Amino acid sequence: MFSFSFDPAVDPVDLEVFRNRCAAIAEEMGAALGRSALSTNIKERRDFSCAVFDAQGRMVAQAAHIPVHLGAMPRSVEAALARGVLAPGDVVALNDPYLGGTHLPDITTVAPVYADGVLIGYTATRAHHADVGGMTPGSMPMSREVYQEGLIIPPTLLVRGDTPDESVIGLICRNSRTPDERRGDLAAQLACHRIGAQRLAELAERHSPAWVARHMEALLAYGERHMRAVIAAIPDGTYTFEDMLDNDGVDPDPLIICVRIDIHGETAIVDFSGTAKQCRGPLNAPRAVTESAVIYCFRCLGPPDMPLSAGAYAPLDVRVPEGCMLAPRPPAAVAGGNVETAQRVVDVVFGALAQALPDRIPAASAGTMNNWTFGGVASNGASFAYYETLGGGMGARPTLPGLSGVQVHMTNTLNTPVEALERQFPLIVRRYGLRHGSGGAGRMRGGDGLVREVEFCAPVTVSLLSERRVYAPYGLNGGAAGLRGRNVLIRDGEERLLPGKTTVEMLPGDVLRIETPGGGGFGAPLR
């Protein structure tokens with residue numbers, strides 16, 4: 001583990017202003033990306049993240065975007081910088097899950113920022129593109145190797161000296177079922193880099209590049225001090241927990257995830273020994289995703305204004321056995337590791353921490369992003385593809401019930417408005433509401449899940465990648481588990497239960513109903 005030293009010459013007031021300026025830069029980048037993107041997934045659902053890094057590629061600030069994106073993003077920036085020095089106006093793109101990526105639809109872009117010829121930092125974005133090729137529309141298939149999931153982009157110059165490389169952009173677009181949408185979303189990512197560079201350069205012009213560097217270093221030390229304080233508030237000891245993933249979509253057997261957390265003063269060792277070996281299906285989570293889930297859990301224990309910089313990683317020693325499903329070897333399939341396995345990592349880490357902090361940790365939330373993708377060919381011959389995650393029930397807290405129908409833990413996206421969904425795709429939303437009674441009973445009740453029922457008006461290929469259909473979200477301190485989720489196909493008035501992970505061909509008039517899990521309850525119900 002490394003450590004950062006705080007510069008006593010940095011004024012605390014200046015540092016707080018600087019911290020908020022950097023966070024505001026990331027937020028403004030995100031606002032521009034969301035407004036200018038073409039796809040529903042990025043424009044409506046806000047499935048993207050932005051962050052600011054120092055001249056050494058260490059994260060110093062981030063927007064309040066998606067935890068699984070942001071926690072893993074430093075690994076992608078590290079991979080981007082390893083390819084060589086980036087000149088002014090360069091932008092690197094990558095999505096390789098084995099080089100800091102999450103899964104292939106998440107394309108990361110990294111750009112340097114110069115002021116008066118001096119490198120002062122980097123900006124980075126990560127956006128989920130609704131289709132990057134692969135076996136099925138939406139690029140979230142029941143794959144058995146990463147090559148089946150879409151186009152793999154190693155760190156590649158997308159822009160050279162402010163000039164986009166049309167051959168690279170054309171290659172990415174040609175491998176998507178929706179090339180115009182890819183081109184529009186990539187353009188939005190590139191545009192927001194210009195805003196980030198302008199705002200960061202303004203800071204350097206107002207003060208100096210050296211002043212910016214000194215305050216970025218101070219932010220790293222500040223983040224470390226906060227995380228050390230968070231860990232110091234946890235009683236010393238060893239805490240263990242385990243939970244199951246339903247299956248990997250290929251083999252029917254459950255997959256165990258185990259964690260042992262050793263707290264020693266201001267440091268924590270988080271060891272996943274005993275976790276299942278990498279699986280044949282797409283539930284493997286790249287190491288960067290596992291680390292992201294761990295940092296998220298400990299960040300949740302801090303105050304709301306706690307800065308999350310690279311310094312916050314310093315007191316955490318995350319140990320993941322090579323070749324297990326939380327640190328797979330290529331070419332293992334990983335499409336669902338980012339969205340499903342990361343949620344279960346959160347469940348086991350919180351389950352362990354609940355033993356140390358029983359009055360602070362909530363029961364298990366829905367534990368799945370309830371991914372559904374679909375695609376096909378419209379009547380005009382144009383291809384379409386769509387991706388969405390659905391919310392569920394939040395686990396009950398020690399003093400409050402869980403929230404209902406919300407995105408939980410590693411995701412932080414919005415839902416697509418019904419009007420936008422029906423306007424753009426050949427479907428009718430028949431039902432969208434809370435799944436009443438799905439939250440676990442308890443002194444504090446778990447939040448309810450959702451029900452989304454959609455009728456398709458054209459032939460489409462649907463892929464479902466969902467969890468908690470076999471093993472329910474656990475309750476704590478005597479609270480009951482939340483209800484498991486259900487996926488149902490309704491054809492000619494007959495209902496057929498679908499697996500949690502499947503691809504199915506839907507006909508006009510077919511109805512898909514997704515019932516998402518409720519959160520676990522907290523405490524024995526009052527009689």
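**View 1. Strands β6 and β7 form a hairpin in this predicted model.** Strand β6 and strand β7 (residues 163–164) pair in the antiparallel sense over 2 bridges; two strands pair if DSSP finds at least two bridges between them. Helices (H or I, at least four residues) and strands (E, at least two) are DSSP runs, numbered from the N terminus. R160 has T163 of β7 as its bridge partner. The hairpin has 2 residues between its strands, and G161 takes a positive phi near 55° there. On its other pairing, β6 (residues 156–160) meets strand β3 (residues 91–94), again in the antiparallel sense, over 3 bridges. Look for A93, whose bridge partner in β6 is T156.

A few notes for reading every view: this is a predicted model, in which local features need pLDDT of at least 70 and side-chain atom pairs count only at pLDDT 80 or more, while totals for chains, interfaces and linings use all residues. Residues are numbered from 1 along each chain as its sequence is written, and side-chain values use heavy atoms, with hydrogens and water left out.

**View 2. Helix α1 crosses helix α6.** Helix α1 (residues 12–36) and helix α6 (residues 209–232) pack at an angle of about 90°, their axes 10 Å apart. Axes are lines fitted to C-alpha atoms, for helices over the stretch in contact, and angles run from 0 to 180 degrees between N-to-C directions. This makes α1 roughly perpendicular to α6, a term for angles of 65 to 115 degrees. From α1, the contact (heavy atoms within 4.5 Å) is made by D14, L15, E16, F18 and R19. From α6 come W211, V212, H215, M216, A218, L219 and Y222. By class, the contact has 8 nonpolar, 1 polar and 3 charged residues. Here Ala, Val, Leu, Ile, Met, Phe, Trp, Tyr, Cys and Pro count as nonpolar, Asp, Glu, Lys and Arg as charged, and the others, Gly among them, as polar.

**View 3. Helix α1 is seen along its length.** The 25 residues of α1 reach 36 Å from first C-alpha to last, close to the 36 Å expected at 1.5 Å a residue; the expected span is 1.5 Å times one less than the number of residues. Its buried residues include L15, F18, C22, I25 and M29, where buried means under 20% relative accessible area, exposed over 50%, and partly exposed in between (1.4 Å probe, protein chains only). The buried residues of α1 pack against several elements, among them α2, β1 and α5 (179–206).

**View 4. Helices α7 and α8 are mostly covered.** Helix α7 (residues 287–300) has 14 residues and reaches 20 Å between its end C-alpha atoms, close to the 20 Å expected. Of those 14 residues, 12 are buried, including V294, I295 and F298. They pack against elements that include α3 (67–82), α6 and α8. In helix α8 (residues 337–356), 20 residues should span 28 Å, and the end C-alpha atoms are 27 Å apart, which agrees. Because 19 of its 20 residues are buried, α8 is largely enclosed by the rest of the structure.

**View 5. Four strands make an open sheet.** The order is β13-β12-β16-β19, and the pairing is antiparallel. At the edges stand β13 (383–388) and β19 (501–506), each with a single partner strand, so one side of each is left without a neighbour in the sheet. The twist averages 10° from one strand to the next. Strand β16 (residues 460–465) is joined to β19 by 6 bridges, and V462 stands opposite V504 in β19.

View 6. Most residues other than glycine have a negative phi, and most peptide bonds are trans.

Technical notes. Parallel < 35°, antiparallel > 145°, perpendicular 65-115°, else oblique.
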